[in-house]
Amino acid sequence: MNKLRNFSLLITLLLSACGHSQHSPYTQTEPDTQRQLCGGRLDAGTSIKLDLITQLMDEGRLHAALAHLDNLDSDSLHSRYLRAEILRRSGRDQEAKPYYQGLLDTCMVGSGYHGLGLIAGRDGQLQTALDYLQSAAERLPVDARVRNDFGYALLLDGQFERARREFLTAMELDEKANLARANMVMLLYVSDDGKKAEAFASRISMDADTLAQLREQSAIIKTSIAVAN
């Protein structure tokens, strides 16, 4: 089992371990300020409907969110972004890709690269995922979700110091960045600093079950990196 093939598995494991996070980078959408400034101001009715669609997404009601998006019949940049997110989160990656690619020549280019990076990661294409996520981080440097996801790809690639910087950045940008905290715990375990990992977990009040799951995932990552090298 090599590092590339493990990327998808590891993302799935991480999500199951940290599903309690209120600010998962796999569910949140673009900030309302960017929606208003990028691609022109939306009318109040459309904006309200997009808020409903976003809420349905965050609740995991992806089919309902897509139905409301179809009913809205909007071609705004944010609508296209939401469609890409819904399709990707529904496992319909090949349908989502053209929508993300369509954002690359717009003011939402960072979001396009981010989505393409997550899809590449799920496909086990780690180097491609790294390239896309780095491009996303360069264009969305204050987006905690993007910085965390880039850091996670760096962790899987064995680039521990760079991953550490991305996780720290994500945590400082968003005090509720629970996935970044979990990733930092794994990074410490993978880099053979179990005492620091457990001290950090204690400091952020991480429960014992989550810590145990992260320790197991860290062992998988560590083995994967060793095999690849």
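Followed along its sequence, the chain has the pattern α-α-α-α-α-α-α-α-α-α-α-α-α. Its secondary structure amounts to 13 helices and zero strands. The model is a predicted one, and the confidence attached to its parts deserves attention at the outset. The average pLDDT of the chain is 85, and 83% of the residues reach a score of at least 70. Residues 1-9 have a pLDDT below 50, although in the model this stretch makes 22 contacts beyond near neighbours in sequence. The pLDDT is also below 50 over residues 11-37, a stretch with 73 contacts in the model beyond near neighbours in sequence. The contacts of residues 1-9 and of residues 11-37 should be read with these scores in mind.

The overall packing may be described next. The chain has 229 residues, of which 51% count as buried. Among the contacts between residues at least 6 apart in sequence, 57% join residues at least 24 apart.

In soluble globular proteins, nonpolar side chains tend to be buried together. In this model the largest nonpolar core has 38 residues, and those with the most contacts inside it are Leu155, Phe167, Met184, Val185, Met206 and Ile221. Two or more residues each are given to this core by helix H7 (109-122), helix H8 (126-139), H9, H10, H11, H12 and helix H13 (208-228). H11 provides the largest share, nine residues. Another core, of 23 residues, lies apart from this one, and its members include Leu42, Met57, Ala65 and Tyr100.

Which residues of H10 are buried? They are Ala163, Glu166, Phe167, Ala170 and Met171. Viewed down the helix axis, the buried residues of H10 fall within an arc of 130°, and therefore they line one face of the helix. The cover over these buried residues includes H9, helix H11 (178-190) and helix H12 (194-203).

Asn148 is found in helix H9 (residues 144-156). Asn148 has a relative accessible area of 4% and is therefore buried. A polar atom of its side chain lies 3.4 Å from the backbone nitrogen of Ala180.

Most residues other than glycine have a negative phi. Asp73, located in the loop between helix H4 (62-72) and helix H5 (77-89), has a phi near 55°, a positive value in a residue other than glycine. Is Asp73 buried or exposed? Asp73 counts as exposed, because its relative accessibility is 68%. The second residue is Asp192, which lies in the loop between H11 and H12. Its phi is near 65°, again positive in a residue other than glycine. With a relative accessible area of 57%, Asp192 is exposed.

Terms used: Residues are numbered from 1 along each chain as its sequence is written. This is a predicted model: local features need pLDDT of at least 70, side-chain atom pairs count only at pLDDT 80 or more; totals for chains, interfaces and linings use all residues. Side-chain values use heavy atoms; hydrogens and water are left out. pLDDT is the predictor's confidence in each residue, from 0 to 100. Contact means heavy atoms within 4.5 Å. Helices (H or I, at least four residues) and strands (E, at least two) are DSSP runs, numbered from the N terminus. Buried means under 20% relative accessible area, exposed over 50%, partly exposed in between (1.4 Å probe, protein chains only). A polar contact is a pair of N or O atoms within 3.5 Å; within protein, one must be able to donate a hydrogen and the other to accept it, and residues adjacent in sequence count only if both atoms are side-chain atoms. The arc is that of the directions from the helix axis to the C-beta atoms. A nonpolar core is a set of buried Ala, Val, Leu, Ile, Met, Phe, Trp, Tyr and Cys residues joined through side-chain atoms within 4.5 Å.
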